[in-house]
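Colleague: I've got the model open and would like a close look at one spot in it. Could you take me through that spot and then show me how the rest is put together?

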Amino acid sequence: MNRAISKYAVGAAALVCTCTAGIAYADDIRIINANIITMDESNPVANSMVISGNRIVSVGNSGRRGENGQGRMKVINARGGVVIPGLIDQHLHFNRSAITWGYAIHDAEGAYTKAELLAAIAARAADPEVPPGAFLSLIGRHVGEQFGGGYPTIAELDAVSGDHPVILLQRWLPVPNPAREFGDFNMALSAGPGQVNTLARDFFNGPGIALGIAADGSLTPDTTGTNEAIYAWTRARNPIEEQIRSTLDLQRWAHSVGLVGIGESGGGGFRQSQDFRALAQADTDGDLKLRIRFQVRPLDAPGTSGQTRIERLANVMSAAPLAETETCVPNNEISGEGFQISRHGGPFYKVMGLGEFFTAPVTPLISEAVVYILRRHDWSFHQHAEAEQIASVIQGLEDAVAATALDPCAIGASFAERHNSLDHLNDATDDDFERMAAIDVGAGIQAVRFLFPDWEFSGPPYRAAFDAQRDHGLHVGCGADGMFAGHGNPWTTLQFMVTGEAFDGTQLLANDPLSAPGGPFPGGRASDQRATLMEGLQCYTKGSAWFTREEHERGQVKAGFLADVVILDRSPLNGDEHSIRETKAAVTIVDGEIVYTDGSLTDRGRGRGHDDDDD
Ligand SMILES: [Zn+2]
């Protein structure tokens, strides 16, 4: 239990007391003098709580030391601080960012001027955790325009980066799609613009690599040229040890902003059996302290070129033809990949089902895919759906509900019990959400438009989703959809949800064009799609927990629930709504362990179990 904190923390101080009052577990943690927002409707606020092992055992309002305690335990005095259930991003591409090249400049994701970006690079260059000469990188997680209109020059980067090569690379860029295949307004390049400093330019232009970066270090958006070549080169040469190191580094950043769980949405072109090795190894080593629930995406497996997505799905689900045997679908794993796809993983790493493009958003293919999934006893599906796709996908789901009711091969949990979802849902109307609620399909809403305000969709439809939650019982989960197509910070998403303002101040949500007179759906949903921070926090906790079928033990501060809680470093509920994105964790607890502390409430060097001589 002590490994995680001892790995992360150095220093010494004593703001934590150990109180001895009888028989107890040394592992117990009591949090007192807290403003606990529990998300538990039966007990919405409290000021103290007790954790024993990996569970919350009591949530109360005494604040008196000893009332719940049976003995020695670590006491954290929250000093009036806000405590919330740990945040769960329902749809994030964490792993793609975790295994990228170099030492990630995490703070650069939240930089919105050139000066802030350069300060973040300078700080990372001076970080004692970064070895001399190591690459500093921001790959994905940003849009180049956010830094006061564009990237710094090569000279400006050189001035702050010391002996470190620096690479800044936007990994996602919407482009028009005149053909509107499957109703998509937009397609996307996976290589946006970028910028490198002199050391990085000379490295990539050097012997044996020779990628031909321009003298000024700028990288222009394209799919076949230098930008993509750099990414492919680094990805092919990033050793597993570095992938594990950067995965744990990103985990630490996640803990610092209060993230404790992630619906991992994989990636197009992602090598499922290779690119999750770092996560799997970190879990095997006992170092993974984020609850990763990943979605298998049946894309680009070896030998599948030319196949449709539904054919690839069949490959994933089983080598057997559909419904031709007594048992219909044998419980095979992915042929040749050696990859465990059972839902029954460990507490930190397991499959949640299929996503986010398991098939094209076309009615008969959606129905067929759902029938497949219901022949596995425990999988759910999570399907990308935007704009004109939404109606087709919902129709496919409704057809599938009718079909699977008659399917002799359907096994295990029913359609409703799978907790399936549609994701993104930009341009969804009130009617769409009501239809989804009627068949228990959840709505996962993400914030990609925060970085891409010119995207042709409207939304995200926060107000419509939360109103459908209240009126029709719709399940709603929230996420960022980073870290290639967007940021990863939940507080950036929450600020966007509250203010409606994109990174550049563009107001996207207050005057929703979808439902305006003359818009595509006049009156189709409320004209103001903004939400409150409390709605957003509920969405990021209790709401998101439903999507992994863990709402019975995650997402609330409640006795019996898993001890995943965060003490915030400020109260975002009382401050300027434009400062919400600056919120961080003071203390993050996952599975009953202090996995992160900023040192303000607990000392950095002493995790639980180290407190025997402390008083
Ligand atoms: Zn996504």
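Is Val175 buried or exposed, and why?

Modeller: Before the answer, bear in mind that this is a predicted model, where local features need pLDDT of at least 70, side-chain atom pairs count only at pLDDT 80 or more, and totals for chains, interfaces and linings use all residues. Residues are numbered from 1 along each chain as its sequence is written.

Val175 is exposed, because it has 10 other C-beta atoms within 10 Å. The scale works like this: 20 or more other C-beta atoms within 10 Å of a residue's own make it buried, 12 or fewer make it exposed, and anything in between is partly exposed, with C-beta atoms placed from the backbone. Val175 sits in strand 13 (residues 173-176). Strands here are DSSP runs of E with at least two residues, helices are runs of H or I with at least four, and both are numbered from the N terminus. Met187 comes 12 residues away from Val175 in sequence, yet their C-alpha atoms are 5.3 Å apart in space.

Now for the wider chain. Of its 615 residues, 52% are buried, and it has 17 helices and 26 strands. Among contacts with a separation of 6 or more, 74% link residues 24 or more positions apart; a contact means C-beta atoms, placed from the backbone, within 7 Å.

Two strands count as paired if DSSP finds at least two bridges between them. Inside that sheet, strand 12 (residues 166-169) and strand 15 (residues 194-196) run antiparallel and are joined by three bridges, with Leu169 partnered by Gly194.

Strand 9 (residues 87-92) is mostly covered, with six of its six residues buried. It runs parallel to strand 17 (residues 259-264), joined by four bridges, and Leu92 stands opposite Glu264.

Last, a pair of helices. The axes of helix 14 (430-438) and helix 15 (462-472) come within 9 Å and cross at roughly 45°. Phe433 and Ala437 of helix 14 are among the residues making this contact, as are Ala464 and Ala468 of helix 15. By class, the contact has five nonpolar, one polar and two charged residues; Ala, Val, Leu, Ile, Met, Phe, Trp, Tyr, Cys and Pro count as nonpolar, Asp, Glu, Lys and Arg as charged, and the others, Gly among them, as polar.

Each helix has buried residues, including Phe433 and Met436 in helix 14 and Tyr462 and Phe466 in helix 15. Those of helix 14 also pack against helix 13 (388-405), strand 21 (421-424) and strand 22, while the partners for helix 15 include strand 23 (476-478) and helix 17 (533-547). After helix 14 comes Asp440, with a positive phi near 60°; after helix 15 comes Gly473, with a positive phi near 75°.

Technical notes: Contact = placed C-beta atoms within 7 Å. Axes fitted to C-alpha atoms, helices over the stretch in contact; angles between N-to-C directions.
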